[in-house]
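Here's a quick briefing to read with the model open beside you. Have a look around first, then work through the points below.

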Number of protein chains: 2
Amino acid sequence: MISDLKGAFSRISNNNKRSAIREILKLTQNPEIISFAGGLPAPESFPVDALDTIVTDMMREEGASVLQYDATEGVKELRELLLKRYQDQGTQADIDNLIITTGSQQGLDLVGKIFVNDGDVVICGLPSYLGGIGAFKAYGAKMAGIPMDEQGMSATLLEAKLEDLKQEGIKPKFIYVIPDFQNPTGITMPESRRLEIIALAHKYDVLIVEDCPYRDVRFEGEPQRMMYDLDNDNHVLTLGTFSKIFAPGFRIGWILGPKDVNEKIVIAKQSADLCTPTFVQKIAYRYMNSGVFETNLKKTIDLYHQRRDVMLAEMEKHMPEGVKWTHPEGGMFLFITLPEHVNALELFHKAIEKKVAFVTGDVFYCDGSGTNTIRLNFSYVNNEKAITGIKRIADLIKAEMLVEA
Amino acid sequence: MISDLKGAFSRISNNNKRSAIREILKLTQNPEIISFAGGLPAPESFPVDALDTIVTDMMREEGASVLQYDATEGVKELRELLLKRYQDQGTQADIDNLIITTGSQQGLDLVGKIFVNDGDVVICGLPSYLGGIGAFKAYGAKMAGIPMDEQGMSATLLEAKLEDLKQEGIKPKFIYVIPDFQNPTGITMPESRRLEIIALAHKYDVLIVEDCPYRDVRFEGEPQRMMYDLDNDNHVLTLGTFSKIFAPGFRIGWILGPKDVNEKIVIAKQSADLCTPTFVQKIAYRYMNSGVFETNLKKTIDLYHQRRDVMLAEMEKHMPEGVKWTHPEGGMFLFITLPEHVNALELFHKAIEKKVAFVTGDVFYCDGSGTNTIRLNFSYVNNEKAITGIKRIADLIKAEMLVEA
């Protein structure tokens, strides 16, 4: 080994921290543990049977071409179909606005890569998806967290922050938002809030990165228009993915964004992996085109809806007074706020002993706050386990509130 | 759009140039053009029939799990099987030495990402694979090119460069080599040269990044031991891939490297795409395990062997005196050196008019030299077309030599 390996690692490598969630997930791998910790879709939601037929047909009809390299921008027919789905919902975009990425995680990474220099400011929700924060921080981003209310990122506090930064001569590189069923809170921004944030992006001349992994998983309430559509002025770049509505094991995401930005992302993607696997893109195209996609999505939504309902009912039944939680209209997560003096990390270690797990909310706070919060996933665990697991967590919280009171 | 989008792009984005080869390939997409330009495996070499059965069995036996997220390090059974294949060839390594990447292009990108700070020196062959150079330069690497002789990178010139750098107080981050059937030259380093370069890596305390995409595609001559095996002292990190021996459209590569380095790469990969698609990894495992892998690889080798032979025979027949070319014992490329006064780029434009294409060699020279060189791919074009195409190129070269003489 070279003598000073540690010293040889780059600034980016030193910025890149092992995900706190991964460490938590390791502790929860014991199958006896009822885990609300991960962010996994329910395997019951995967279209196993449909895929076998699709692959057989594909190999017969297309043969070798599905095994070859393809364009860095993505497989043309898949891009066209995804675009059409947006256009059918009113989006104004053409094919150069839509490129495929290797999961939306790659989208986040490439957005960080093409925009962030060491020390640049990026704005995010307080709390916000850890994988986004991590990807941006790797490139040296200083994250500025904006507290959220029940309508998502606070526009008032965002404006105050943008104004402060402006006074200091700092222009943030972009505002990172997850408008629908936010990870970790489950909160959805109403259109009014989206418009306020877009107006601020215009006023302060800043891009918005709109991350939409859960958008299509809505159980109830009115769909809100994407910020991309509300803006329609090249201030918004939107990330989409099949991971929560088809299969995460395909690692297919996409970016719907300004052409000039996409062009830079494609060049960066060329260095990153040349192209997303042709094989899974071609399958995904056939799957979407078959109609099974929409049927299966509906089944997925129904499943998660019912799991959320069970979870909320159990929490209503067992949680002590003083504990608050969100009521997401879709997605995969809800968020608990404990009384301020209760430490979620201490609770976590006791929970593991009781064979139940969650993620402490603080990992999603770029400023290290949120030590009294908890994220619960409701997509993965079946109802029976959820009932047992929520009771266990509620009992632990009760005990902790007594001790710490 | 924000007012100064150009100014908003990062240093990395500005370092990241659109691949010159991509631009060339665009000019060659006309199906009438006989193109030796790309680096595509022959579609005839892809195991289309075997895969259909494998996917059917897999879906029946494993179902939903092949569609779920998996570990960032890669699917365990695939890592184990790849490791075993190395161990069977004498490699001393264990499971933590081997991680999966999304193609070996991702391996190159992540190696750049974890080691290269702006201005760091990276050493490569003169010429060398463009996708490697590009990935390293994106992170700010200053490439130092070492001329090659018929045994690959010159150890004498490498030592001189390392000594010069040492005098300046500069320690390069790593030496990038492609020891087997190098891209673009087709040259293979004999064991003696490999050992010389390893000794220099030890003497000057520098890592070696050994890129092995073509290693298994050997037609003749003795297999040379990997530098990883010859070193066996954590100075070498080796990149492998299925792209040339199975299917590039799966985007599966791997890194065989020191554990401390792999650990950093896994953290970086987590930000980059969470994991390589589970679906293709699980198929690749079954394919390798089925035995079809080795049978099909033999067929691929035979096909390329025969195509190389045809190409060499035609060149022998038609090329004018003063033109030299390599005689690769494997891989996918051979390299032509024209008389110094002949400009390959001018030749290229004339070639396109005559409906034949190649890549000018200069794009592989990090110092912009090599303007009288040409890379020819022999894996993709069938024999009939190769015969016509080589004749056309030879005629063009003859004409050019007359004009420029």
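What follows covers the domains, the chain contact and the core.

This is a predicted model, where local features need pLDDT of at least 70, side-chain atom pairs count only at pLDDT 80 or more, and totals for chains, interfaces and linings use all residues. Residues are numbered from 1 along each chain as its sequence is written, while chains are lettered from A and ligands numbered from 1 in the order in which they are written.

**Domains of chain A**
- Chain A is split into domain 1 (5–47 + 295–404) and domain 2 (66–290), with bounds from an automatic or database domain assignment.
- Going by C-alpha atoms, the centres of domain 1 of chain A and domain 2 of chain A sit 24 Å apart.
- Each of these two domains puts 34 residues into the contact (C-beta atoms, placed from the backbone, within 7 Å).
- On the domain 1 side, α13(A) gives the largest share, six residues (helices are DSSP runs of H or I, at least four residues, numbered from the N terminus).

**Chain A meets chain B**
- Here 69 residues of chain A are in contact with 69 residues of chain B.

**The core**
- The largest nonpolar core has 254 residues, and Ile208(A) and Ile208(B) touch the most other members (such a core is a set of buried Ala, Val, Leu, Ile, Met, Phe, Trp, Tyr and Cys residues joined through C-beta atoms within 7 Å; buried means 20 or more other C-beta atoms within 10 Å of a residue's own).
- Not counting residues up to four places away in sequence, the neighbours Ile208(A) touches include Phe174(A), Met227(A) and His235(A).

Definitions and conventions
Helix = DSSP H or I, 4+ residues; strand = E, 2+ residues; numbered from the N terminus. Buried ≥ 20, exposed ≤ 12 C-beta atoms within 10 Å, placed from the backbone.
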